[in-house]
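Please study the sequence and the structure before reading each solution.

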Amino acid sequence: MEKVLVTGGAGFIGSHLVAKLCESDKQIVVLDNSWRGSLENLGEYKERIKFVEGDIRDYSIVKKAMDGVDTVFHLASIQGTKFFYTHPDLILEVGLIGNLNVAKALVENNVKRLLFTSSSEVYGNPRELPIREESVKGPVSAYGVSKLAAEIYAQAYNQEFGANIKIARFFNVYG
């Protein structure tokens, strides 16, 4: 049975992904620090998953949560524009140290694949519309900087260690 880890799995996007994954025949682990997400977001699926409360800035927790995992959906980050400017240090810690911890644990645990969720914030104030994947990046917030740096980490880990990290840049997610 495939084992899947969802970081940030108790948040808005993560909890919806976990619900969809619970429809499959997969063993599901959720790593979340419960700062913005909540176990309650997982509703009826709480009993179907293994929940690990922890922060991606703590490498030992990330490495342990990733033990035996085949696939990682990495959604953990601090979202919300009000936090981009009021907590830039925290945004950068989670975005830089946390993402590096996830990449390191991926390699050390021989995880087959990872989907990293980035953001349209890597473009900053767009210089052209519509924005295309190859459009010039110019983040204007700590969040955008951390997402762009994580994308570069991912590319470096793919090249250096043969990791299989894919990137999805989300724009406006609502529901």
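This is a predicted model: local features need pLDDT of at least 70, side-chain atom pairs count only at pLDDT 80 or more; totals for chains, interfaces and linings use all residues.

**Exercise 1.** Locate the partners of the salt bridge between Glu 151 and Arg 169, and state whether Glu 151 is buried or exposed.

*Solution.* Step 1. The closest N and O atoms of Glu 151 and Arg 169 are 2.7 Å apart.
Step 1. This pair links distant parts of the chain: Glu 151 belongs to helix 5 and Arg 169 to strand 6 (residues 165-170), 18 residues apart.
Step 2. Buried means under 20% relative accessible area. The value for Glu 151 is 3%, so Glu 151 is buried.

**Exercise 2.** Describe the salt bridge of Glu 2 and the network to which Glu 2 belongs.

*Solution.* Step 1. The partner of Glu 2 is Lys 26, with the closest N and O atoms 3.7 Å apart.
Step 1. Glu 2 lies in the segment before strand 1 (3-7), whereas Lys 26 lies in the loop between helix 1 (12-21) and strand 2; the two residues are 24 residues apart and link distant parts of the chain.
Step 2. Glu 2 is partly exposed, because its relative accessibility is 24%. Lys 26, at 23%, is likewise partly exposed.
Step 3. Through shared partners, salt bridges join Glu 2, Lys 26 and Arg 113 into one network. The structure holds 10 salt bridges.

**Exercise 3.** Describe the largest nonpolar core and the surroundings of Met 66.

*Solution.* Step 1. The largest nonpolar core has 30 residues, and Leu 5, Met 66 and Ile 165 have the most contacts inside it.
Step 1. Among the elements that give two or more residues to this core are strand 2 (27-32), helix 2 (59-65), helix 4 (88-108) and helix 5 (142-161). Helix 4 gives the most, with 6 residues.
Step 2. Leaving aside neighbours within four places in sequence, Met 66 is in contact with Leu 5, Val 72, Val 102, Ala 105, Leu 106, Asn 109 and Val 111.
Step 3. Apart from this core lies another, of 12 residues, including Leu 42, Ile 49, Phe 73 and Leu 75.

Methods: Residues are numbered from 1 along each chain as its sequence is written. Side-chain values use heavy atoms; hydrogens and water are left out. A nonpolar core is a set of buried Ala, Val, Leu, Ile, Met, Phe, Trp, Tyr and Cys residues joined through side-chain atoms within 4.5 Å. Buried means under 20% relative accessible area, exposed over 50%, partly exposed in between (1.4 Å probe, protein chains only). Helices (H or I, at least four residues) and strands (E, at least two) are DSSP runs, numbered from the N terminus. Contact means heavy atoms within 4.5 Å. A salt bridge is a side-chain nitrogen of Lys or Arg within 4 Å of a carboxyl oxygen of Asp or Glu.
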